[in-house]
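This briefing covers one predicted model. It is arranged by topic, with cut-offs given where each term comes up.

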Amino acid sequence: MGGTEELHDRTDDHVKRWTGILSDLDPDIEGAVTRMVRFVEHIKRVKDRSLVEYDLHRHEYDTLQALGGRHGSAAPSELAADLGMPPNSVTGRLDALERRGFVRRTPSETDRRRVRVELTDEGRAAWLGAMGGVGHEEYRLLGGLTEDERRTLSDLLRRVMVRAEQEPRNP
């Protein structure tokens with residue numbers, strides 16, 4: 001694929017329009033931010049369609065994802081921490097997922113007062129199915145870049161996010 005002069009997207013029109021309105025607008029910053037926002041919105045739409053296809057609500061998917069990220073087994077308090085919510089709030093989610101057959105609770109092997117939450121085969125299939133639709137689209141979009149370009153993009157975004165995760169300084 002040739003240089004960027006051959007490519008044109010909606011953001012180019014957006015930047016051109018706003019550059020004529022705001023004289024101090026940096027077209028590269030505006031273009032990058034607008035493209036990142038549109039990329040995330042696109043992936044979100046794909047994810048929403050995938051969730052509908054697998055009959056999952058976003059909070060169910062997020063909970064299954066957190067559990068999958070712990071190799072399919074975790075304490076409720078660990079899931080709550082991963083989801084950034086109070087431990088007692090995860091109980092309702094787990095109740096609903098258990099009724100659907102997506103998770104099961106088993107007594108801890110080390111402390112009978114505690115439970116472990118485990119993904120069932122049905123829960124794993126629903127989670128992986130919904131995740132697969134999103135993953136396919138991510139690969140489709142970023143597959144247009146070479147391996148080195150993907151690494152460079154990831155590295156550049158990491159530098160941006162490191163700054164975003166720092167507390168802003170007051171001028």
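Gly-129 has its place in helix H6; helices (H or I, at least four residues) and strands (E, at least two) are DSSP runs, numbered from the N terminus. The model is predicted, so to speak of local features pLDDT of at least 70 is needed, and side-chain atom pairs count only at pLDDT 80 or more, while totals for chains, interfaces and linings use all residues. Residues are numbered from 1 along each chain as its sequence is written, and side-chain values use heavy atoms, with hydrogens and water left out.

- Gly-129 is buried at a relative accessible area of 17%, where buried means under 20% relative accessible area, exposed over 50%, and partly exposed in between (1.4 Å probe, protein chains only).
- Leaving aside neighbours within four places in sequence, Gly-129 is in contact with Ser-50 and Tyr-54; contact means heavy atoms within 4.5 Å.
- Between Gly-129 and Ser-23 there are 47 Å in space, C-alpha to C-alpha, and 106 residues in sequence.
- Gly-69 sits in the loop between H3 and E1 and is exposed, with a relative accessible area of 59%.
- Gly-69 and Leu-79 are 9.6 Å apart, C-alpha to C-alpha, at a sequence separation of 10 residues.

**Nonpolar core**

- The largest nonpolar core holds 20 residues, and those with the most contacts inside it are Leu-56, Leu-64, Leu-67 and Leu-79.
- Two or more residues of this core come from each of helix H3 (58–68), helix H4 (76–83), helix H5 (87–99), strand E3 (115–119) and helix H6 (121–142).
- H3 supplies the largest share of this core, four residues.
- A nonpolar core is defined as a set of buried Ala, Val, Leu, Ile, Met, Phe, Trp, Tyr and Cys residues joined through side-chain atoms within 4.5 Å.
- Not counting residues up to four places away in sequence, Leu-79 touches Ala-66, Leu-67, Ala-74, Val-90, Leu-94 and Val-117.

**Nonpolar surface patch**

- Ile-29, Val-33, Met-36, Val-37, Leu-153 and Leu-157 make a nonpolar surface patch of about 460 Å².
- Patches are made of residues with over 30% relative accessible area and no salt bridge, with like charges joined within 9 Å and nonpolar side chains (Val, Leu, Ile, Met, Phe, Trp, Tyr) within 5 Å.
- Accessible areas come from the Shrake-Rupley method with a 1.4 Å probe; for residues, only the protein chains shown count as cover.
- Helix H2 (27–53) and helix H7 (147–164) each supply at least two residues of the patch, and H2 gives the most, with four residues.
- Met-36 lies in helix H2 and counts as partly exposed at 34% relative accessibility.

**Sheet**

- Three strands form an open sheet in the order E1-E3-E2, with antiparallel pairing.
- E1 and E2 stand at the edges with a single partner strand each, so one side of each has no neighbour in the sheet.
- Strand E1 (residues 73–74) pairs with E3 over two bridges, and Ala-74 stands opposite Val-117 in E3.
- Strand E2 (residues 103–107) is joined to E3 by five bridges, and Thr-106 stands opposite Arg-116 in E3.
- Two strands pair if DSSP finds at least two bridges between them.

**Salt bridges**

- The structure holds 15 salt bridges, each being a side-chain nitrogen of Lys or Arg within 4 Å of a carboxyl oxygen of Asp or Glu.
- Arg-35 forms a salt bridge with Asp-9, with the closest N and O atoms 2.8 Å apart.
- Arg-35 lies in helix H2 and Asp-9 in the segment before helix H1 (10–19), so this pair ties together parts 26 residues apart in sequence.
- Arg-35 is partly exposed at 34% relative accessible area, and Asp-9 is partly exposed at 31%.
- Asp-82 and Arg-70 meet through their side chains in a salt bridge (2.6 Å, N to O).
- Asp-82 lies in helix H4 and Arg-70 in the loop between H3 and E1, so the pair ties together parts 12 residues apart in sequence.
- Asp-95 and Arg-105 also meet in a salt bridge (2.9 Å, N to O), linking helix H5 to strand E2 across 10 residues.
- Salt bridges with shared partners join Arg-70, Glu-78, Asp-82 and Arg-116 into one network.
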